[in-house]
Amino acid sequence: MKRLRNKKKLLSGIAVCTVLVGSASAYAMTGHAFDSKQVGRQKDHSVLTPVNQLVTPAGKQLEFGGNPISAAIRPDGKTAVVLNGRTDYGGNGLNIINLKTGKLIGTDFALKLSHMWGLVYSKDGSKLYATGSEGTEGKLVVMSVGEDGIPKIQNTFSLPKAAAGDNANINPLDLAVGPEGKLLIALNRDNSLGVVDPDTGKLTAKVSVGNAPSSVLVNGHTAYVTNQGGRAAKPGDTTVDSSGTPVVVNPKTGATSTGTVSVVDLNTNKVIKTIKVGVQPERMTQSGSYIFVTNTNSDSISVINSKNNKVEQTIPIKPYPKAPQGSAPNAVKMLGKNKLLVSLGRDNAIAVYDWKGTKKQPQLKGLLPTAWFPVDLAIDSKHNRLLVANGDGVGSLGPERPLTIQGKTVTGHTSYAQKGSVSLIPYPSLKDLVKGTAEVYADNDWFGLKDLNAKPRENKKQQAMPERIGEPSVIKHVFYIIKENRTYDQVLGDLGKGNGEPALTQFGKEVTPNTHKLANTFPLLDNFYTSGIQSASGHQWVMQGTNTDYEDKETDSGNVRSYPGGAGDAMAYAPTGHLWDSAIKQNLSVENFGEDTTGFKGSAPFGTWSDWYNDSLILSGQKDGKLHVPVGNYSAETDIPSLGPITYKPYPTFDMNIPDQYRYEIFKQQFEKHVKNKDLPQLNTMWVTDDHTSGSSSGSPTPQAMVADNDLAVGKIVSLISHSPYWKNSVIFVTEDDAQNGVDHVDGHREPVQVISPWVKRGAIDSHYWTVINMVRSIEQILGLPPMNQNDAAAQPMNEIFTNKPDFTPYDVVQNQIPLDTMNGEKKTSAEEKPAVKQLVKQWADWSNKNEYLFSGKTASPDEVNANMLNHAVWYATKGYNQPYPGDQKVLTPEETADQPASKAPSPADND
């Protein structure tokens with residue numbers, strides 16, 4: 001009964017639902033629990049995601065490959081189109097819907113672009129326009145539309161280069177049709193509104209607006225443009241670069257802190273007013289004289305009166321009472337005169353408000369569940385329903401990769417096999433809203449929320465995992481180690497216990513003896529998922545417990561503005577901050593080793609991998625000699641203001657030319673100082689990167705050697721800590737930032753992780769569903785940190801793997817079983833000496849060498865290289881050039897791999 005009352009209390013904050021809260025709560029009592037479920041489709045057709053959310057979308061679902069970004073209904077109401085953001089995540093352009101039958105009549109209508117974003121019909125519906133990019137050029141695609149609603153490409157126009165930014169691509173996003181048929185395009189990287197003649201593709205005018213414009217709305221002869229990067233910087237502002245533009249940021253977190261709407265007179269093509277709204281404004285809608293603007297990073301809607309161009313109302317988005325930030329409202333529509341519909345990207349829901357003008361704050365009538373990450377809305381008035389484009393849809397349930405080894409067929413999943421969807425939802429009744437609200441609560445586990453504001457109990461006995469935030473823990477020091485890119489099966493498939501598939505193992509016990517020993521010694525977590533797809537999203541989830549709407553669309557859709565591989569773009573940082581921000585706010589000590597750093601600069605010659613490896617041997621005492629670079633000559637850099645002061649500068653950033661043995665030696669020096677001075681920080685974050693590998697690049701170690709290097713470094717770190725005085729009150733969390741560079745028989749997000757401490761259950765096999773958000777939540781609970789946002793607030797701490805009966809036995813590192821300096825091309829098997837195979841080896845080495853700039857040096861960027869290509873290179877290097885990659889019928893050349901259709905190779909392309 002207590003749990004039922006708690007649910008009633010939560011739902012009572014929703015005005016209309018109070019009438020039927022009993023039935024809603026009764027529904028929730030039979031709702032979904034994650035328990036030991038595996039990511040993917042469940043027996044009841046719901047889908048469990050790798051971000052601690054279940055999706056049970058309302059209405060009818062249409063699924064297709066890719067990540068939809070925009071939806072548009074043809075003016076005659078007969079058909080609709082949904083545009084995929086990019087071609088390499090399993091989709092290819094437009095998906096066409098017959099609105100009468102509610103069925104897809106066309107999928108993957110190719111626009112011959114790598115990235116796509118904006119979508120709009122002409123006023124008579126005879127034309128369809130789309131924006132996107134191919135290579136370094138922004139594009140406008142003009143299509144004619146037949147009576148059956150099927151489009152035909154008439155022209156593809158190249159747009160001019162950007163005036164701002166470090167890349168020439170002007171990055172066109174949303175567009176609208178102007179009063180004279182001209183197209184108005186948000187030229188995102190150029191910080192301008194473009195006026196384009198659709199017949200010639202000529203840019204007839206360009207109006208400078210705010211930073212990073214993203215959406216356009218036309219009202220008569222006036223255009224409203226949302227500037228996602230906010231206003232231009234003024235003297236005294238704290239700024240951080242975003243693709244060549246200095247954007248105004250919070251001086252501590254580095255997240256953008258302003259948002260504006262530019263009002264453009266289309267008669268003169270001049271900005272007549274700049275309106276201050278919430279942070280990172282996106283899509284808009286109009287009802288009468290009012291314009292509604294979604295502010296994704298402020299969780300609010302700004303209501304602008306177009307008669308005076310003033311904000312007359314700000315609507316806070318709170319899906320449940322006292323909800324922290326994190327809903328990410330990103331699209332809005334008005335149904336009738338007073339039903340305001342807002343898509344909540346991070347909540348997988350549509351919020352329905354009763355809006356009765358700006359004199360009165362609207363009431364939340366209820367919520368409707370969608371699929372994963374809704375990004376756009378359209379009103380199908382002819383059939384009385386809503387169209388919701390769901391960017392992540394049902395997740396990585398796309399094409400499976402069958403593999404047959406020694407007569408055994410195994411199915412492998414990759415995180416890039418994305419399946420988006422469209423929800424066709426009938427106009428909601430009161431009953432629908434009550435039922436839908438309960439479903440959204442259950443799907444987000446909001447019913448499981450405890451009172452986060454409850455005061456810690458006095459004289460509470462210390463526990464390993466406190467029951468309430470602020471109650472004491474016997475654990476005083478947390479080490480948070482971030483690795484790169486491996487699935488569970490790739491590493492632990494051969495463990496011999498737990499849910500592993502040996503046939504998919506590429507870096508087994510011989511390569512990763514420490515990972516295997518740690519998995520056998522401490523809890524084995526065989527149902528744990530990383531939430532990101534690649535580093536740009538993975539590091540955000542790992543350190544923020546969430547991912548911003550901007551970043552999700554940046555890496556999963558048509559925005560080619562930047563590639564924030566953890567850091568590098570202020571617009572990717574959540575307004576709720578990073579884990580270290582939360583710790584600093586609570587007056588805890590923090591030290592960072594490499595995580596979210598973006599450069600490693602010094603005056604001495606950088607040298608080769610062998611130079612840095614030789615330095616590690618000298619530092620460890622295994623070799624005499626002089627360092628090629630004195631420790632401290634090279635210094636790590638970051639663009640996040642709060643991270644700089646707590647970062648240990650001699651520790652390297654991501655660079656595959658620096659072995660993890662060097663990283664370990666630098667950490668060891670600093671750790672031993674803390675032991676001597678008795679001043680170890682309470683939170684220690686660390687990036688140990690080399691399991692990423694450099695493929696088969698000449699002058700680099702083999703993938704096996706690089707993964708072995710990473711394994712040995714982590715083993716040494718654990719051994720060092722466990723043999724120190726701090727072992728008795730420490731915990732070490734080890735996670736991948738993502739698992740994109742491999743396949744797994746359960747899901748492409750499943751990863752090998754460790755939780756290491758005297759205070760965990762040794763030898764246990766735990767198959768509870770966990771994600772990296774639970775790991776973040778566990779760190780918060782131990783250190784007494786309040787949750788940062790809605791995602792980590794709803795996540796459960798990993799309490800069941802902890803114990804209050806410690807085992808202080810230290811961990812002894814296992815030495816590597818393969819030489820760490822085994823270089824690519826040095827040792828060839830007899831099979832590789834055969835002419836045909838020899839040519840394959842050379843071709844893959846040439847491809848890796850061509851992309852070496854993404855692995856090391858000033859341009860090194862985690863995961864920016866084409867993942868499908870790297871996955872093939874590493875597979876052949878580890879399995880042999882006679883073993884086809886999972887899903888392929890034969891061993892492929894780099895050229896053949898690059899030409900694979902998206903449905904066969906759902907993986908990321910090189911960023912522009």
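Biologist: Which residues have the most contacts inside the largest nonpolar core?

Modeller: Tyr480, Phe733, Val755 and Phe802 do, within a core of 146 residues. Helix H11 (residues 703-722) gives the largest share, 10 residues. This is a predicted model, in which local features need pLDDT of at least 70 and side-chain atom pairs count only at pLDDT 80 or more, while totals for chains, interfaces and linings use all residues. Residues are numbered from 1 along each chain as its sequence is written, and side-chain values use heavy atoms, with hydrogens and water left out.

Biologist: What makes a set of residues a nonpolar core?

Modeller: Its members are buried Ala, Val, Leu, Ile, Met, Phe, Trp, Tyr and Cys residues, joined through side-chain atoms within 4.5 Å. A second, separate core has 27 residues, including Ile301, Ile317, Tyr441 and Ala793.

Biologist: What does Phe733 touch?

Modeller: A contact is a pair of heavy atoms within 4.5 Å. Setting aside residues up to four places away in sequence, Phe733 touches Val478, Phe479, Tyr480, Ile481, Gln754, Val755, Met775, Ser778, Ile779, Ile782 and Phe802.

Biologist: Why is Val542 called buried?

Modeller: Buried means under 20% relative accessible area, exposed means over 50%, and partly exposed lies in between, with a 1.4 Å probe and protein chains only. Val542 has a relative accessible area of 0%, so it is buried. It sits in helix H6 (residues 535-544); helices (H or I, at least four residues) and strands (E, at least two) are DSSP runs, numbered from the N terminus. Beyond four places in sequence, Val542 touches Tyr480, Ile482, Glu736, Asp737, Val772 and Val776. Glu736 is 194 residues from Val542 in sequence, yet their C-alpha atoms are 8.7 Å apart.

Biologist: How do you know whether Leu217 is buried or exposed?

Modeller: Its relative accessibility is 10%, so Leu217 counts as buried. This residue belongs to strand E17 (residues 211-219). Its contacts beyond four places in sequence are Thr222, Ala223, Tyr224, Met284, Thr285, Gln286 and Ile291.

Biologist: And how is Val590 classed, buried or exposed?

Modeller: At 11% relative accessibility, Val590 counts as buried. It is part of strand E39 (residues 590-593), and its C-alpha atom is 6.1 Å from that of Gln682, 92 residues away along the chain. Trp580, Ala583, Ile584, Ile646, Pro681 and Leu683 are in contact with Val590, leaving aside neighbours within four places.

Biologist: What makes the crossing of H9 and H10 left-handed?

Modeller: A crossing is left-handed if the near helix is turned anticlockwise from the far one by less than a right angle, and right-handed if clockwise; the crossing of H9 and H10 is left-handed. The axes of H9 (residues 609-619) and H10 (residues 660-677) come within 8 Å and cross at roughly 35°. Axes are lines fitted to C-alpha atoms, for helices over the stretch in contact, and angles run from 0 to 180 degrees between N-to-C directions. Trp612, Tyr613, Asp615, Ser616 and Leu619 in H9 meet Gln661, Tyr662, Glu665, Ile666 and Gln669 in H10.

Biologist: How do you know how confident the predictor is?

Modeller: From pLDDT, its confidence in each residue from 0 to 100. The mean for the protein is 91, and 92% of residues reach 70 or more. Over residues 1-6, pLDDT stays under 50, and the model has four contacts there beyond four places in sequence. Residues 15-32 are also below 50, with 38 contacts beyond near neighbours in sequence.
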